[in-house]
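Me: I have a protein model open and would like to talk it through before I set anything up. Could you go over the fold, the core and the charged pairs with me?

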Amino acid sequence: MSRLSVVIATYNGEKFINDQLSSIIKQLDEDSEVIISDNGSTDRTIEIINSFNDRRITILHCLQKGSVHNFENALNRVSGDIIFLADQDDVWLDNKVQIVKEYLRKYDLIMADSRIVDENLNVLHESFYVIKNAGNGFLKNVISNTYQGCSMAFKKEVLNLSLPFPNNIPMHDIWIGFVAELFFSTCFIPEKLLLHRRHHTNASTSTNKSEYNFYQKLTFRFQVLKYLPLLLKRKYFPGKLSTLEQK
């Protein structure tokens, strides 16, 4: 039986973390784990997480600022064969884990569709896929990324090749999607398995109009593509870290 690891990065998430954790925990078996990395929350986030009093939940403290470091801190501690990424402010639909596990029998990484909702879970858009013209394909996602961390799940083999994250990648989900497109099988499944909250404190702008100009977007693509030699070395000549991935 495959063991599941759910990874959540938190920062001042007291308003929504209870809803999200509740929607996740009820879908997990007793052998699953939830690894939460907190980036120095100053509100009641940690208190709320501890109130679950669930041995499957582990809280880590991340000293480096930013969501990329926060997720990497948690991902370095997972022990499961299947990894789910989760945002602190979303809600998983009841059948998410069951459906995803079935697809991961065939694919190495899957993306699920989601409904975009407001703070009160009122539906703003019926489909993330439609908004972003989402789908797999290496060139497609280099030009316009449609990998969204909160909707991703993947096998441990994908994670092993993705870590450690190189310096200066734009986001963790872009990087993991890039790795999966190059070396693994991917699928954007049709099911909507998530309510993805949009509000003014979101770390991601994935469903909003981009705040970055053309030059910044081009720079992000270059930052990802320049690590292609590193990935080839990791895949085919594993061993000593190159200078491109030194922290």
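Reply: What follows is a short exchange about this structure, which is a predicted model.

Me: How many helices and strands does the protein have?
Reply: The protein has 10 helices and nine strands, and of its 247 residues 52% count as buried. Among the contacts with a separation of 6 or more, 75% are between residues 24 or more positions apart.

Me: And what is the accessible surface of the protein?
Reply: The accessible surface comes to about 12,000 Å², and carbon and sulfur atoms hold 52% of that area.

Me: Which residues touch the most other members of the largest nonpolar core?
Reply: Those are Leu75, Phe154, Trp175 and Ile176, in a core of 39 residues. Helix α8, residues 172–183, supplies the largest share of this core with six residues. There is also a second, separate core of 30 residues, including Leu4, Ile8, Val100 and Ala153.

Me: What is isoleucine 176 in contact with, leaving aside neighbours within four places in sequence?
Reply: With that exclusion, isoleucine 176 contacts Leu75, Leu85, Leu109, Met152, Phe154, Val158, Ser162 and Phe165.

Me: Which residues form a nonpolar patch on the surface?
Reply: Leu232, Tyr236 and Phe237 form such a patch, and together they have about 360 Å² of accessible area. Tyrosine 236 belongs to helix α10, which covers residues 228–236.

Me: Switching to charges, how many salt bridges are there?
Reply: The count comes to 12 salt bridges. One of them pairs aspartate 31 with arginine 3, where the closest N and O atoms are 3.8 Å apart. Aspartate 31 sits in the loop between α1 and β2 and arginine 3 in the segment before β1, so this pair ties together parts that are 28 residues apart in sequence.

Me: Are aspartate 19 and arginine 197, which also meet in a salt bridge, buried or exposed?
Reply: The two partners have to be described separately. Aspartate 19 counts as partly exposed at 34% relative accessibility, whereas arginine 197 is buried, because its relative accessible area of 3% falls under the 20% cut-off. Their N to O distance is 3.3 Å, and the pair links helix α1 to strand β9, at positions 178 residues apart.

Me: What about lysine 26 and aspartate 94?
Reply: Their side chains meet in a salt bridge at 3.1 Å, N to O. Lysine 26 is in the loop between α1 and β2 and aspartate 94 in the loop between β5 and α4, so the pair ties together parts 68 residues apart in sequence. Lysine 26 and aspartate 94 are both exposed.

Me: Which residues are linked in a network of salt bridges?
Reply: Glu30, Asp54, Arg55 and Arg56 are linked in that way.

Me: Last topic, the backbone: where is there a cis peptide bond?
Reply: A cis peptide bond joins leucine 163 and proline 164, with omega about -5°, and proline 164 lies in the loop between α7 and α8.

Me: And which residues other than glycine have a positive phi?
Reply: Asparagine 53 is one of them, with a phi of about 50°, and asparagine 168 is another, with phi near 70°. Asparagine 53 is in the loop between α2 and β3 and counts as exposed at 72% relative accessibility. Asparagine 168 is in the loop between α7 and α8, and at 53% relative accessibility asparagine 168 counts as exposed too.

Methods:
Residues numbered from 1 in each chain as written. Predicted model: local features only at pLDDT ≥ 70, side-chain atom pairs only at ≥ 80, totals over all residues. Heavy atoms only, no water. Patch = residues over 30% accessible without salt bridge, like charges linked within 9 Å, V, L, I, M, F, W, Y side chains within 5 Å. Areas by Shrake-Rupley, 256 points an atom, 1.4 Å probe, with all protein chains shown as cover. Salt bridge = Lys/Arg side-chain N within 4 Å of Asp/Glu carboxyl O. Helix = DSSP H or I, 4+ residues; strand = E, 2+ residues; numbered from the N terminus. Buried < 20%, exposed > 50% of the residue type's maximum accessible area, 1.4 Å probe, protein only. Contact = heavy atoms within 4.5 Å. Core = buried A, V, L, I, M, F, W, Y, C linked by side-chain atoms within 4.5 Å.
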